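The stops below are given in the order in which to select them.

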Amino acid sequence: MNRTSVPALALLAVVALVAPSGAASKGPAAGKTVHIGVIADVTGGAGVYGTPQKNAYELANEDIKSGKLDAGGASLTFDVQDAASDGAQVVNLMQKFMTDGSTPLVLGPTLSGEAFKAFPIAARANFPVMGTSTTAEGVTAMGPSVYRDSLAESQVIPTTVKRTHDKWHYKSAAVIYGDDNAFTKTDGDIFTRELKAAGVDVVDTETFHIKDTDFQPALTRIESKHPDVIAIGALFPEATKIIQQAGKLGIKAHMIGGNGLNAPDMYSVAGPSAQGTVVGAAWYSGAKYPSNLDFVKSYTAKYGKGPDQFAAQSYAAAQIVAYLVAHGATTKDEMLSGLHNVRVIQTVLGPIGFDPNRDVKSSPVILSIVKDGFTYFH
Ligand code: 1QQ
């Protein structure tokens, strides 16, 4: 992007905020084709997060075609590639998109552990990438071309601890987390730090590894210390087993968790012991602002199942990219400059922007697991 187009972009941003929504506008990129790479774990262990991500981009592709999502008259498409929850495949896909000559930006991958493999490659080439579900500590610090529209665990867990502590007045807690994954390790660190800061006695800390299936010895050690609360830093396959096995052992402690627990299928897989587990999130399906009501309605109509937070964050990423394209960004450098100049964009997550560290500016909601998903924690 040349220097003179930056004020033009800012001016257009103001116009876009006051312009009525509806038919697609004709922007500086009208008639151009823009191909965005998406890396998502549609299958494999993280498929529970990657499938709604894929669904959201397919909905966005339709909405761009119909003009409901305004890309300024450009032909904008999101090309979702399945990394199958395999870090090596994530790296291959990142390299493929970065060198195909037609992709100016990549969204994803799904997991922070994967982002720590692929984002350094993008950062070295100053290639723009945006995580939509990568919440671990240090993700955006990988370089100035790395953004995320997902709230980080450090932006969510302090509120999760504060709100549960205010309500339950607990004195002791145990922490169980995976120490071999960037996201689960972040959860272990931040839960421990925040619980201690709240004056809670952390009476036991247990670690596990991805693909572990038997958590009963760890849970038995935890139970022998009688904590009031158990904080869980785990991805879906392990989190559901931990919660289910805690129920089987008759453990009555309250459970709280990080982003890994944000899948609406927690209850249907973990069973009734998941009821009441508290988790901080970036979005709630029941939020009543109009853009969200419309998103929930059209996603549900298309897939026969409501969207979750991961779908919402991906659709929001599509809205951010559509906004950049509508304001003329089509090359990697124009995407970077556009991202740098974003102030506020209206998305299904609500109005969002980026802070100086390229993390999303937004606030968490605190939810409680129920049979068909989540409800607000009061
Ligand atoms: C991460 C996550 C996962 C739980 C979501 C996909 O937040 O890996 O950072």
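Select helix 2 (residues 47-66) and helix 11 (residues 309-326), which pack at an angle of about 35° with their axes 8 Å apart. Axes here are lines fitted to C-alpha atoms, for helices over the stretch in contact, and angles run from 0 to 180 degrees between N-to-C directions. Helices (H or I, at least four residues) and strands (E, at least two) are DSSP runs, numbered from the N terminus.

Helix 2 contributes Tyr49, Pro52, Gln53, Ala56, Tyr57, Leu59, Ala60 and Asp63, and helix 11 contributes Phe310, Ala311, Ser314, Tyr315, Ala317 and Ala318. By class, 11 of these residues are nonpolar, two polar and one charged. Ala, Val, Leu, Ile, Met, Phe, Trp, Tyr, Cys and Pro count as nonpolar, Asp, Glu, Lys and Arg as charged, and the others, Gly among them, as polar.

The model is predicted: local features need pLDDT of at least 70 and side-chain atom pairs count only at pLDDT 80 or more, while totals for chains, interfaces and linings use all residues. Residues are numbered from 1 along each chain as its sequence is written, and side-chain values use heavy atoms, with hydrogens and water left out.

Next, colour the chain by domain: domain 1 is 8-151 + 285-362 and domain 2 is 154-281, with bounds from an automatic or database domain assignment. Their centres, taken over C-alpha atoms, are 30 Å apart. Domain 1 puts 19 residues into the contact and domain 2 puts in 18.

A cavity is a set of points on a 1 Å grid over the protein atoms alone where a 1.4 Å probe fits but cannot get out; a pocket is an open set with protein on both sides within 12 Å along at least five of seven lines, and lining residues have an atom within 4 Å of a point. Grid points are joined across faces, edges and corners, and a volume is the space filled by probe spheres set on the points. The whole structure holds three cavities of 30 Å³ or more.

Where does the largest cavity lie? Domain 1 and domain 2 both give residues to its lining, so it lies between them. Its volume is about 80 Å³. Select Tyr49, Thr110, Leu111, Ser112, Ser133, Thr135, Phe183, Leu235, Asn259, Gly260 and Phe310 to see the lining: five nonpolar, six polar and no charged residues.

The second largest cavity has a volume of about 60 Å³. It is lined by 13 residues, and Leu151, Glu153, Val156, Asn259 and Gln309 are the closest to its centre. Helix 5 (153-168), strand 10 (278-281) and helix 11 each give two or more residues to this lining.

Move to the second largest pocket, with about 330 Å³ of space. Among its 17 lining residues, Ser85, Leu111, Ile210, Lys211 and Leu235 lie nearest the centre. Helix 4 (112-124) supplies the largest share, three residues. The lining has six nonpolar, five polar and six charged residues.

Finish with two backbone details. The peptide bond from Gly108 to Pro109 is cis, with omega near 10°; Pro109 sits in the loop between strand 3 (106-107) and helix 4. Ala84 has a positive phi, near 55°, and is in the loop between strand 2 (75-82) and helix 3 (87-99).

Note on methods
Contact means heavy atoms within 4.5 Å.
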